[in-house]
Amino acid sequence: MGCTSCSTSKDGQPKGCKNNGTCGTDGCNKLTVFDWLSNMKLPAEQEAFDFVEIRFKNGRKDFFHNFEKLSLQVGDVVATEASSGHDIGLVSLTGELVRIQMKKKKQKVEEASPKIYRKASQRDIDIWQKARDREENVKVRARQIAIRLNLKMKISDVEFQGDASKAIFYYTAEERVDFRELIKEFAHEFSTRIEMKQVGFRQEAARLGGIGSCGRELCCSTWLTDFRSVNTAAARYQQLSLNPQKLAGQCGKLKCCLNYELDTYLEALKTFPSADTKLETEKGTAVCQKLDIFKGVLWYAYEGQWMNWFEITAERANEIIELNKQNKKAQSLEIYVNEASITNEAVYNNVVGQDSLTRFDKPKSSKKRSKNKKRKKRNPQKNG
């Protein structure tokens, strides 16, 4: 959902607003919100909701009290209350939708909430931009210091407060880190107050962004706001191979998208028999080898005859299981084979006139070679 400046020019090249992450309409930013109540007017006696959502670096958002009733629009740069000094952010949402967002995130409307001081002046913006320009160099230098101190941690991002009085260092670590000496060196090196903030590996990927294996931007950096736990059982239910390289995302953890269709698979699996259940027939015991949730079929093979698979629908398999519960055996799997699979094989057999997939494996016939040899023997003078 981009603004008009994101459209293409006459020669097909993208225009771009060139604001480098500070889009004025907030349409190109991470975790952007569409205000579907913006065109609706409030009743005459009702006052506008006096809380505003402010966006900071990399999708970090918070709600602030507009106690001075400033006229704010999406994209305005404002100075907000911080633990010490003030911070600079962009207005990302106003109006009644902020009330809904606060209720969704279970944040109470209180008078003690942080406040919006004023609209940012040009001097505030200049200090803020200079601080942001320092962040990349500070991050590189901070990593060098951490490596020199042999600390098992990774500094993923640095964020300066709007008034450049404090720097927040975001880091990831698998174990507890003693960074008391690190903070002393940081304070001496960068001449500012230091705050260390540990984040998870998924939060790190959300802040840094990237392209997933699907070819699109990471869900966590575009629209996903909560990180639910993902385990390998989700992959098993969806019949996916348990390959860590394919199941892991940019963060090194299991992909969040494994949970997207999990409920649908669980609902479909209710009609399937357990894969561990064996089918007792007069011909022998059959074991499940594979199942296809979308087609609603299972493949069984007799014990000792693992190469011969029989495709059976879930309904037919449940019928055999009910017979086994009554201490009865089914006649054989051949009787219960899915008839649709047989007809499909007949339809797709030799569609374009090809005899066999292995037709090129046979050696070429030597008839032509023998004919050419006979011609040479009969006409030796012409050949000479």
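Trainee: In which sense do β3 and strand β5 (residues 116-119) pair, and over how many bridges?

Mentor: Helices (H or I, at least four residues) and strands (E, at least two) are DSSP runs, numbered from the N terminus; two strands pair if DSSP finds at least two bridges between them. Here β3 and β5 are antiparallel, with 3 bridges. Arginine 118 in β5 is the bridge partner of alanine 79. The model is predicted: local features need pLDDT of at least 70 and side-chain atom pairs count only at pLDDT 80 or more, while totals for chains, interfaces and linings use all residues. Residues are numbered from 1 along each chain as its sequence is written, and side-chain values use heavy atoms, leaving out hydrogens and water.

Trainee: Which residue takes a positive phi in the hairpin of β3 and β4?

Mentor: Glycine 85, with phi near 80°; the hairpin has 4 residues between the strands. Strands β3 (residues 77-81) and β4 (residues 86-93) are antiparallel over 5 bridges, and valine 77 has leucine 90 of β4 as its bridge partner.

Trainee: What is the strand order in the open sheet of 3 strands?

Mentor: The order is β6-β7-β8, and the pairing is mixed. β6 and β8 are the edge strands, each pairing on one side only. Between β6 and β7, which run antiparallel, there are 6 bridges. Isoleucine 155 faces tyrosine 171 of β7 across the pair.

Trainee: Which residues of helix α3 are buried?

Mentor: In general, an α-helix has 3.6 residues a turn, so residues three or four places apart point the same way. In α3 (residues 180-190), Leu182, Phe186 and Phe190 are buried (under 20% relative accessible area; exposed is over 50%, partly exposed in between, with a 1.4 Å probe and protein chains only). They lie on the same side of α3, because they cover an arc of only 40° around the axis, taken from the directions from the helix axis to the C-beta atoms. Arg180, Lys184 and His188, on the other side, are exposed.

Trainee: What do the buried residues of α3 pack against?

Mentor: Contact means heavy atoms within 4.5 Å. The buried residues of α3 pack against α2 (122-148), β6 (154-160), β7 (166-172) and β8 (193-198). Just after α3, serine 191 has a positive phi of about 55°.
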